[in-house]
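Colleague: I am new to this structure and would like to learn how to read it. Could we open it together?

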Amino acid sequence: MVAQQALSTVDNLKTRGFHMANRCCLCQHQEETHVHLFFNCSYTNQVWSSILQWMKISRPSKNLKQELSYFDVGGTKWRMYWFHISLAATVYQVCLGRNRHIFRGECKRLDAIINKIKFVAAIRILMINHRARLSLVLDALNS
Ligand SMILES: [Zn+2]
């Protein structure tokens, strides 16, 4: 749904006739649109930038469409798995955090969501049998 920009962001709901204030609940500064949420928002941009740094990718974050078509992480096939698994985990945790903020009033700390993404990505990497990289993943989790 995220890749197809089919999430029920405020701008999408407005096009379907819902009338509501449009303010991003994560940064409180700009209107919530799909492009803003992934990753123009200062909050989600910090999350994704931290994950890029964790993956030792030294470039600024891009928008989701550009990130989904990014295939030049350098190195091995394993690094591509790491990148795409981490991107999927980031998108999922951003959506989850946004929904919990809207519907439950919960606001997760930035470091908590980043650590959750790292944990989920590391577990998924290990599940697809990349045991040779276990030490790298564990080192990254401890960074
Ligand atoms: Zn925002």
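This is a predicted model: local features need pLDDT of at least 70, side-chain atom pairs count only at pLDDT 80 or more; totals for chains, interfaces and linings use all residues.

Colleague: Which residues coordinate the zinc ion?

Modeller: Look for Cys 24, Cys 27 and Cys 41, each through SG, and His 36 through NE2. They sit at 2.2 to 2.3 Å from the zinc ion. Along the chain, the donors follow the spacing C-x2-C-x8-H-x4-C.

Colleague: Is His 36 buried or exposed? And what about Cys 41: buried or exposed?

Modeller: Buried means under 20% relative accessible area. His 36 has 4% relative accessibility, so it counts as buried. Cys 41 counts as buried too, because its value is 0%.

Colleague: Now to the helices. How many residues does helix α5 have?

Modeller: Helix α5 has 28 residues, 77-104. From its first C-alpha to its last it reaches 39 Å, close to the 40 Å expected at 1.5 Å a residue. Just after α5 comes Gly 105, with a positive phi of about 75°.

Colleague: At what angle do α5 and helix α6 pack?

Modeller: Helix α6 covers residues 110-127, and the two pack at about 135°, with their axes 9 Å apart. That angle makes α5 oblique to α6. As for handedness, α5 passes α6 in a right-handed crossing.

Methods: Residues are numbered from 1 along each chain as its sequence is written. Side-chain values use heavy atoms; hydrogens and water are left out. Donors are N, O and S atoms within 2.8 Å of the metal (3.2 Å for Na, K and Ca); water is not among the atoms, so sites may look incomplete. Buried means under 20% relative accessible area, exposed over 50%, partly exposed in between (1.4 Å probe, protein chains only). Helices (H or I, at least four residues) and strands (E, at least two) are DSSP runs, numbered from the N terminus. The expected span of a helix is 1.5 Å times one less than its number of residues. Axes are lines fitted to C-alpha atoms, for helices over the stretch in contact, and angles run from 0 to 180 degrees between N-to-C directions. Angles under 35 degrees count as roughly parallel, over 145 as roughly antiparallel, 65 to 115 as roughly perpendicular and the rest as oblique. A crossing is left-handed if the near helix is turned anticlockwise from the far one by less than a right angle, and right-handed if clockwise.
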